[in-house]
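Dear colleague,

I am handing over a structure for you to look at, and it is shown just below. After it I set out what was found, grouped by region.

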Amino acid sequence: MTEKFFELDHVTHVYQSSDGEGHEALHGVTLSIGTGEFVAVLGANGSGKSTLARHLNALLLPTEGRCLVRGWDTKDETRRWDIRQEVSMVFQNPDNQLIAAVVADDVAFGPENLGIPPAEIRRRVKDALALVGMEHYAQAAPHFLSGGQKQRIAIAGAIAMQTHALVLDEPTAMLDPRGRVEVLHAVEKLHEEQRMTIVYITHFMEEAIAADRIVLMDVGQIVMDATPHEIFSQPERVRALRLDVPLAADLAARLRCGGMDLPQDIVTDEELLHCLSR
């Protein structure tokens with residue numbers, strides 16, 4: 001049985017406004033994510049997916065319920081440092097995450113703050129940049145890079161910390177299609193080669209397909225939790241939650257309505273092409 005890396009037990013989170021009004025962003029969320037899993041979290045705007053992400057390394061604490069990271073309760077102040085050494089975060093805007101004038105210095109920033117010896121830091125920076133395909137940009141200035149390249153540098157910084165989990169909160173929301181592909185490929189490589197636990201918040205269906213599991217959220221609750229094939233074989237249910245379905249799944253559904261005999265669980269372009277070629 002896979003060890004649980006993240007475990008949320010009936011987590012509710014209420015944001016308090018300045019006038020004392022409360023907004024409930026999460027309501028009774030129960031979720032387990034195993035070590036080494038790649039889980040995508042989908043949902044329309046306001047569904048609570050970003051609030052969920054911020055609970056996973058104690059940036060936010062539950063109003064009710066509890067959130068455990070490797071068995072440590074995020075409300076336990078004595079464990080916050082341990083939790084944040086286990087879980088790195090990457091956010092939407094790469095410009096807000098890059099602070100140094102040179103790429104290598106930016107990637108080294110986290111390990112330096114941990115007091116890692118310089119020789120070990122240099123090794124980590126080199127390895128991290130290689131993992132995200134940015135080793136040739138070590139001495140470049142980050143502000144000259146594309147959005148996708150900047151986001152890969154942010155991921156390299158997380159890798160250099162040698163945390164065991166990476167939580168990405170809509171990391172491609174501000175990128176063009178090419179940048180989105182670059183970032184997703186870097187994340188897939190991390191998962192495949194390092195077996196890092198990945199939680200990937202997105203609203204792009206094609207990105208969610210890459211995950212082992214999809215957690216689908218609506219108004220602060222989990223409404224579906226299954227494999228990509230199981231989720232997208234129910235296109236009407238997904239659309240009812242104000243979300244699209246992958247193009248291949250949508251086209252396959254239309255072809256079935258037109259009388260073509262196609263499997264119900266087509267999700268990727270490759271699967272659709274394979275079935276049509278037969």
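Where is the place of Leu59 in the chain? Leu59 sits in the loop that runs between α1 and β4, and with a relative accessibility of 43% it counts as partly exposed. Please keep in mind throughout that this is a predicted model. Leaving aside neighbours within four places in sequence, Leu59 is in contact with Arg54, Arg84, Met89 and Phe91. For a sense of distance across the chain, the C-alpha atoms of Leu59 and Ile159 are separated by 19 Å, the two residues being 100 residues apart along the chain.

On confidence, the average pLDDT of the chain is 91, and 100% of the residues score at least 70. Confidence is lowest in helix α10 (residues 247-257), where the mean is 86, and highest in β4, where it reaches 97.

Strand β4 also belongs to the sheet I would describe next. The sheet is open and has four strands in the order β2-β1-β4-β5, with antiparallel pairing. Its edge strands, each of which pairs on one side only, are β2 (22-34) and β5 (72-73). Between β1 (residues 4-16) and β4 (residues 64-69), which run antiparallel, there are five bridges, and the bridge partner of Glu7 in β4 is Leu68.

The loop between α1 (49-55) and β4 also holds Ala58, whose phi is near 65 degrees, a positive value in a residue other than glycine. Ala58 is buried, at a relative accessible area of 5%. A positive phi also occurs at Gln162, about 55 degrees, although that residue is not a glycine. Gln162 lies in the loop between α5 (147-160) and β7 (165-169), and at 40% relative accessibility it counts as partly exposed.

Ala58 is touched by Arg80, a residue of helix α2 (residues 80-86) that may deserve a careful look in your own viewer. The side chain of Arg80 does reach the backbone oxygen of Thr74, at 2.6 Å. Not counting residues up to four places away in sequence, Arg80 touches Ala58, Leu61, Thr74 and Lys75.

A side chain that reaches the backbone is found again at Thr197, in strand β8 (residues 197-202), where the side chain reaches the backbone nitrogen of Gly36 at 2.8 Å. Thr197 is buried, with a relative accessible area of 1%. Once neighbours within four places in sequence are set aside, the residues in contact with Thr197 include Phe5, Phe6, Ile33, Gly34, Thr35 and Gly36, and also His164, Ala165 and Leu166.

Turning to charged pairs, a search of the whole structure finds 17 salt bridges. One of them joins the side chains of Asp95 and Lys150, at 2.7 Å from N to O. This pair links distant parts of the chain, since Asp95 is in the loop between β6 (87-90) and α3 (103-113) while Lys150 is in helix α5, 55 residues apart. Asp95 is partly exposed, with a relative accessible area of 47%, whereas Lys150, at 11%, counts as buried.

Helix α5 also contributes Arg152, which forms a salt bridge with Glu182, the closest N and O atoms being 3.3 Å apart. Glu182 lies in helix α6 (residues 177-194), so the pair ties together parts that are 30 residues apart in sequence. Both Glu182 and Arg152 are buried. Elsewhere, salt bridges that share partners join Glu120, Arg123, Arg124 and Asp127 into one network. Arg123 is partly exposed at 38% relative accessible area, and Asp127 is partly exposed at 37%.

Finally, Met260 lies in the loop between α10 and α11 (269-277) and, at 38% relative accessibility, counts as partly exposed. Met260 is in contact with Leu255 and Leu276, leaving aside neighbours within four places in sequence.

With best regards

Note on methods. Residues numbered from 1 in each chain as written. Predicted model: local features only at pLDDT ≥ 70, side-chain atom pairs only at ≥ 80, totals over all residues. Heavy atoms only, no water. Helix = DSSP H or I, 4+ residues; strand = E, 2+ residues; numbered from the N terminus. Polar contact = N/O pair within 3.5 Å; in protein donor to acceptor, adjacent residues only side chain to side chain. Contact = heavy atoms within 4.5 Å. Pairing = 2+ DSSP bridges. Buried < 20%, exposed > 50% of the residue type's maximum accessible area, 1.4 Å probe, protein only. pLDDT = per-residue confidence, 0-100. Salt bridge = Lys/Arg side-chain N within 4 Å of Asp/Glu carboxyl O.
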